[in-house]
Amino acid sequence: MSAFTHLDLTGLQQIDQFAWRDEQGTVMSLHFFNLRPDLPASLTEPAALLAGLARHTAGAGAGLIDATIEPVDGVPAVRQLLKVRHPQGHGQVFIGSYTVPRATCSTVLKLQAPEVGTTGMREAFIMAQLGPDRFYTPSPYAPDATGGLPYHWADHEQYDAQFPQHPLTLIRAGLRRLLPSARLDERFKALPAF
């Protein structure tokens with residue numbers, strides 16, 4: 001089941017009932033959770049919400065790259081960009097998602113893309129430009145967050161143009177492309193807010 005009723009699936013091949021893949025290997029999937037969302041704070045408290053997400057992600061061994069509150073088809077949602085260690089060894093997997101929470105359920109549009117081939121080139125190139133002292137910075141959402149994958153400059157959007165085939169660049173572009181076409185079921189939209 002999914003609360004999404006429409007998305008522009010141009011360039012995507014269906015691989016499962018609620019999953020598609022593009023030619024670069026980015027996988028898009030749709031999810032529905034019939035339980036109260038486990039977000040750390042309300043969408044009306046963005047600072048607490050984003051800090052909680054950053055701490056939770058770090059505690060799970062991953063890293064929150066970027067997060068914001070942005071509507072999906074007029075409904076308040078949380079957009080997140082994360083990085084996790086690749087389960088099969090070296091490199092990272094990048095995940096972008098829109099979580100649309102309601103009081104008793106949520107729906108998620110998720111994109112994920114792994115690093116392939118030689119990994120870490122983007123990070124090495126940007127670190128060489130900035131130097132190791134400036135490369136790593138505390139999370140802007142929770143400077144006290146510890147553990148997980150470090151927050152650093154190479155993940156910033158300003159470097160996407162230099163690395164057009166990097167999975168993080170592809171995820172950002174994919175979320176931007178999909179959002180305008182996303183439509184939600186009117187019954188889902190009518191549910192009480194989170």
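## Hairpin of strands 2 and 3

Strand 2 and strand 3 form a hairpin, with two residues between them. In this predicted model, strand 2 covers residues 13–16 and strand 3 covers residues 19–21. The two strands run antiparallel to each other and pair over three bridges. Within this pairing, D16 stands opposite A19 of strand 3.

Although D73 is not a glycine, its phi is positive, at about 50°.

What does D73 touch beyond its neighbours within four places in sequence? Its contacts there are A182, R183, L184 and K189. With K189 there is also a polar contact between the side chains, at 3.2 Å.

## Aromatic pairs

The count of aromatic pairs comes to three. One of them is formed by F32 and F188, with an edge-to-face arrangement. The ring centres of F32 and F188 are 6.4 Å apart, and the angle between the planes is 70°.

## Largest pocket

The largest pocket holds about 650 Å³ of space. Its lining is made up of 23 residues, and those nearest the centre of the pocket are D38, H56, Q80, T99 and V108.

Which elements give two or more residues to this lining? They are strand 4 (27–33), helix 1 (46–59), strand 6 (78–85), strand 7 (92–101) and strand 8 (106–114). Helix 1 provides the largest share, with four residues.

By residue class, the lining of the largest pocket has twelve nonpolar residues, eight polar residues and three charged residues.

Methods
Residues numbered from 1 in each chain as written. Predicted model: local features only at pLDDT ≥ 70, side-chain atom pairs only at ≥ 80, totals over all residues. Heavy atoms only, no water. 1 Å grid on protein atoms, 1.4 Å probe; cavity = no way out; pocket = protein on both sides within 12 Å on 5 of 7 lines; lining within 4 Å. Points joined across faces, edges and corners; volume = space filled by probe spheres on them. Nonpolar A, V, L, I, M, F, W, Y, C, P; charged D, E, K, R; others polar. Pairing = 2+ DSSP bridges. Polar contact = N/O pair within 3.5 Å; in protein donor to acceptor, adjacent residues only side chain to side chain. Contact = heavy atoms within 4.5 Å. Phe/Tyr/Trp six-rings, centres within 6.5 Å; stacked < 30°, edge-to-face > 60°.
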